[in-house]
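Have the model open as you read.

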Amino acid sequence: MKFKDKIILVTGSSRGIGRATAIAFAQEGANVVVNYVKNKPAGDKVVAEIKKLGADAIAIQADVANENEVQRMINETVKHFGGIDVLVNNAGIVFDVPIFEKTVEQWERTLKVNLIGAFLCTKYAVPHMKNRKGASILNISSTNGIDSLSPESADYDTSKAGVMSLTKNLSQSLAPNIRVNSIAPGWIDTEINKDLPKDFIKSETDKIALRRWGQPEEVAKAVLFLCSEDASFITGSTLVIDGGYE
Ligand SMILES: NC(=O)c1ccc[n+]([C@@H]2O[C@H](COP(=O)([O-])OP(=O)(O)OC[C@H]3O[C@@H](n4cnc5c(N)ncnc54)[C@H](OP(=O)(O)O)[C@@H]3O)[C@@H](O)[C@H]2O)c1
């Protein structure tokens with residue numbers, strides 16, 4: 001068990017990649033904080049799944065874009081578990097809207113949740129991670145932040161490029177006590193993509209060498225690797241997981 005009795009906070013873990021990550025950590029013996037913004041039943045369900053595995057878990061509602069709510073989430077985590085060993089900044093949103101139809105409000109919301117949210121969670125978690133052996137932070141970015149080709153997701157792509165930059169920056173500030181890495185997934189089969197047109201999904205699948213989309217569990221395995229002692233000399237890196245997208 002690679003994370004026996006470690007305390008893990010995964011933002012946006014009621015569904016998708018966050019959920020798979022929370023469960024994967026619990027399977028390795030960790031106790032987990034499941035964060036959600038509005039979907040309480042889904043958060044509670046993940047907690048129940050984790051408890052069935054014999055680990056402890058609590059669900060905490062908090063909007064990662066809201067500083068007061070982030071502070072409350074971190075305080076509740078520390079009150080319940082006594083500290084934080086691993087923070088996974090996973091919560092994210094996208095508005096697929098043609099670039100010049102995008103509103104300032106949409107831009108601001110995307111940047112606030114995807115980028116500033118990662119900063120806020122890090123800012124308030126770090127004081128509770130500093131003295132813990134093997135502490136690390138993992139930020140979920142996106143291949144969209146590397147090759148930004150879609151005008152519908154300009155704000156999202158910008159936020160994810162920012163997440164990779166933030167990762168590098170934090171890896172320097174927080175060394176040597178806390179490692180900070182990022183994962184850039186390509187197309188992963190989750191609800192965030194549920195409204196994409198079928199013909200677009202097909203044309204995108206044709207660009208993937210493995211000819212399929214990834215599963216959330218496949219991202220989770222890489223999250224666990226980068227947060228484990230097996231990755232003890234890796235910090236400031238971004239790992240692309242996209243099945244070979246051209
Ligand atoms: N799926 C992909 O193809 C893909 C590719 C590259 C990167 N990513 C990134 O991977 C991460 C997870 O995506 P996903 O595909 O798993 O998405 P998803 O299935 O839509 O799940 C999003 C999760 O984030 C939570 N969330 C949304 N806004 C939040 C906020 N303001 N505060 C706290 N939690 C919030 C949701 O909570 P509720 O259930 O309460 O709404 C949910 O748990 C995101 O950062 C996304 O950008 C995804």
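The side chain of Asp-63 has an N or O atom 2.8 Å from a nitrogen atom of the ligand, a polar contact in the sense of N or O atoms within 3.5 Å. Keep in mind that this is a predicted model, where local features need pLDDT of at least 70, side-chain atom pairs count only at pLDDT 80 or more, and totals for chains, interfaces and linings use all residues. Numbering starts from 1 along each chain as its sequence is written, and side-chain values use heavy atoms, leaving out hydrogens and water.

**Ligand contacts**
- A polar backbone atom of Val-64 sits 3.0 Å from a nitrogen atom of the ligand.
- Asn-90 also uses its backbone: a polar atom there is 2.7 Å from an oxygen atom of the ligand.
- The protein buries 97% of the 910 Å² that the ligand exposes when taken alone (Shrake-Rupley method, 1.4 Å probe).

**Shell around the ligand**
- There are 33 residues around the ligand (a heavy atom within 4 Å), and Ser-14, Lys-38, Asn-90, Tyr-156 and Thr-190 come nearest.
- By class, that shell has 14 nonpolar, 13 polar and 6 charged residues, with Gly counted as polar and Tyr as nonpolar.

**Inside the protein**
- The count is 1 cavity of 30 Å³ or more, a cavity being 1 Å grid points where a 1.4 Å probe fits but cannot get out.
- The largest cavity holds about 60 Å³, the space filled by probe spheres set on the points.
- Its lining (an atom within 4 Å of a point) includes Val-64 and Asn-90.
- The lining has 6 nonpolar, 6 polar and no charged residues.

Technical notes
1 Å grid on protein atoms, 1.4 Å probe; cavity = no way out; pocket = protein on both sides within 12 Å on 5 of 7 lines; lining within 4 Å. Polar contact = N/O pair within 3.5 Å; in protein donor to acceptor, adjacent residues only side chain to side chain.
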